[in-house]
Amino acid sequence: MKPWYQMNEDELYKELKTGRSGLSADEAHKRLSQYGQNKLEERKGKNPLIIFFEQFTNLLILILIIAAVISAFTGELIDTTVILGIIVLNAIIGFSQEYRAEKALAALKKLEIPAATTLRDGKYHQIPATDIVPGDIVILTAGERVPADIRLIESPNLMIDESPLTGESTPVEKISSPLKEETALADRRNVAFKGTVITYGRGVGIVAATGMATELGRIANLIQETEKIKTPLQTRLDVMGKRLAAAVLLLCLLIFIAGISRGEPLQLMFLTAISLAVAAIPESLPAVITIVLALGAYRMARENAIIRKLPAVETLGCITVICSDKTGTLTTNKMTVEEIYVGGRTFQISNFKSQISNRELITHHSPLDTLFKAMVLCNDASIDGDKEIGDPTEIALLKAAAEIDKHEMERNYPRINEIPFDSFRKMMTTIHSSPINSENHTAFVKGSVDSVLDVCSITDALKERILSENEKMAAGGIRVLCFAYKEIEKGVPLKDAEKGLTFIGLVGMIDPPREEAYEAVEVCLKAGITPIMITGDHPVTARAIAKRLGITDGNGQIVTGKDMELLEPAHLSNLLSSVRVFARVSPEDKIRIVTVLKEKGHIVAMTGDGVNDAPALKKADIGVAMGITGTDVSKEASDIILRDDNFATIVKAVYEGRVIYDNIRKFIRYMLSTNSGEILTMFFAIMIGMPLPVLPIQILWINLVTDSFPALALGVEPAEKNVMNRPPRDPDESIFAGRLWQHIIWVGLLMSFGTLGVMAWGLKYDDLDHARSMVFFTLAGFQMFHVIAIRSERESLFTLGLLSNKPLLSAVALTFLLQIMITYTPVLQGIFKTVSLSAFELFLCLSVSFSVFIAVEIEKAYFRSRPQS
């Protein structure tokens, strides 16, 4: 069967078993039973309770749950309460984000309409839009949404805004004649698609598809089929949790067996193993990561990037490809006159005044003056201050001819008649009375170059020059309008106004790139990020903008949606290594591009504003919706919303994402180094026969309080040098890469040796609480000096400056103050089993713990002396 858009009217009636008088009521009822209601069907989603309980299946959370149960079993109710609080908070945050992600289809359903006008049994009926069936004859009028996919059979001056569905930036002029070839969705000009908006004119058509069989239904289906995968950070934390669980179980088992074999009581060794488990688990890590991501989201919001799903904050930092729409994201979304050809000369509007004399500009009846008059008078738009009313193309003409006051010009040359634009003539004509000669009128004409030149009285040589100039402009992706005029006598028939015209000039316009997009693309390339343009616009226009921005060179290949239909997956995979521009693409094409890029190991960000972009936004690692032009559907499917629709904002967000990931690594380095210090201290103490160095409540204080405040302050650490001059990190790279695990081990060893040395000194008084108090303070001191030292992986603190992260300095000071209070306040001494230390003992604890700062500075100096890998 031929596609609907290739059938003529008689073939449509035959295929759909209908006629000019529409379906009968009985037949419509039968078809409603056969095809179902004309609405988008929503598959049954996850039960909210299931979504909530799934938040507890993460391995790190399961370990925390086990630790909480064990703590409750041993009577440590404070420990249990704090750990359970962290678990529940994490579950609530995860649930809210996943539940919100299920709402994309609800926004899509808003594009459906309540009622429509149909022709049944030869009479017009207003019926619920859900009752429309294939074969119905539907009447379309301006201001309405199209209720189904409709093959047009009448379309006088019908214009439809299809931008949410196809990405076409301007309303599409519709036709009713059949198309001869297979065409992309955006080029099917004789079809009105469900959910699009009629901006002008009226139409009549035959319903070809309803409900889920429509193009909108196809997108709804794609949204529901597309599943989000875990972010790189979530994957890394899962791996870390598994390794941590294995290490904890192994250590606990080893120590339990060693203790029992040495003759220690079973209950003591069981409590010792539990203490080790508590020491090994960074209980506050999930909460700290969530808070740091939220702080990053707050900073991004100030840069016009609204984060809808917190894990996206970190994922931005490892993006390798940004697939961006063209219109409004890379460009201004405002048509702008760029070139004019008049009087045999070509002028660039950007430096227009420097190319002409004032005399040329003000001389009446000069070619330039006549062109500006035509641009202003043959124009239905208006500009009043900041208020712009009318077609974007006509607004651009008014701005280019700003030297002329439109209101004054219309007073001097009032419009007395007009011939509106239509798709057959491809011209618009306005007729004005003249202040100079009351017996004559002036007709100004604008339209496509070929159409206007065909009704001009010009020589073949001049016509050839004009067409050559038109080809030059068009090759640069510029849309060209031709202007002409004619002096006519009163009483001349209106149809003669468009004959024997005098050519005035050509006006070339384009939706130009945003100024900040040039630098943003350059920053992307330096950062090892590949920008790819994916647009519903014409290939020539797409190439022109991509070339200007440096996304591709003049010889770069452009692939269209039609080309993609013929490509095998392997061939597309090869093309994606070099192709940077895709034009006239469908929603399925966008998903294919994202899928293949991800299969090649890329972390992909996809921008979009239309309904057609929603499936690809959901499929991408980061879906970026437009806040100004974006539909509700695209926003609900996205991870991030740009308030200013600006490509440069994505690049700023990537910068923030890289900084945040660096800082997450810093506090993982900080927390796990501390934990390894605690574990090794406990391990060596037991192995050499010393009593437990610290109690479970003291370990929990270190892991939840002295860990958390400085870790949060690391989350606002300023960016490392050249953060955007390095390639994206490998998404498969371990969170422990870059010598992180070695650092955790040697710092842990240093902390354990120093702490056990302090404990041995403290035990000479035969007072275990005294020795534990010194160990407790020493471990806290190690943490504080360590966190100050690891603010940068390479740069010395003396280069960074002690005051360059004031929140961290405050956190360290607060933690020291709290530790002093625990050590010297009687009430807190009772809770944490501490005793007061002498001035010398305090000095000894601080001196030993300061050794980690010196050691880390030596490590960084060593790595600075070597070439950076």
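Predicted model: local features only at pLDDT ≥ 70, side-chain atom pairs only at ≥ 80, totals over all residues.
View 1. The buried positions of α35 are E841, L842, C845, S849, V852, F853, V856, E857, E859, K860 and F863. In an α-helix there are 3.6 residues a turn, so residues three or four places apart point the same way. Helix α35 covers residues 839-864, 26 residues in total, and at 1.5 Å a residue should span 38 Å. Its end C-alpha atoms lie 38 Å apart, which agrees with that expectation.

View 2. E656 is located in helix α27, which comprises residues 647-687. Its relative accessibility is 12%, and because buried means under 20%, E656 counts as buried. Apart from neighbours within four places in sequence, E656 is in contact with R299 and M300. With R299, the side chain of E656 forms a polar contact of 3.2 Å. The C-alpha atom of E656 is also separated by 10.0 Å from that of M724, a residue 68 residues away along the chain.

**View 3. An open sheet of six strands.** The strands follow the order β2-β1-β3-β9-β4-β7, and their pairing is antiparallel. At the edges stand β2 (123-128) and β7 (191-192); each has a single partner strand, so one side of each is left without a neighbour in the sheet. Strands of a sheet pair through backbone hydrogen bonds, either parallel or antiparallel.

**View 4. The pairing of β3 with β9.** Strand β3 (residues 137-141) and strand β9 (residues 202-209) are joined by five bridges in the antiparallel sense. Within this pairing, L140 stands opposite G203 of β9.

**View 5. The chain as the setting of the close-ups.** The chain contains 35 helices and 26 strands. It has 869 residues, of which 55% count as buried. Among contacts in the chain with a separation of 6 or more, 72% are accounted for by residues 24 or more positions apart. The accessible surface of the chain comes to about 37200 Å², and carbon and sulfur atoms hold 58% of this area.

Key:
Residues numbered from 1 in each chain as written. Heavy atoms only, no water. Helix = DSSP H or I, 4+ residues; strand = E, 2+ residues; numbered from the N terminus. Expected span 1.5 Å × (residues − 1). Buried < 20%, exposed > 50% of the residue type's maximum accessible area, 1.4 Å probe, protein only. Contact = heavy atoms within 4.5 Å. Polar contact = N/O pair within 3.5 Å; in protein donor to acceptor, adjacent residues only side chain to side chain. Areas by Shrake-Rupley, 256 points an atom, 1.4 Å probe, with all protein chains shown as cover. Pairing = 2+ DSSP bridges.
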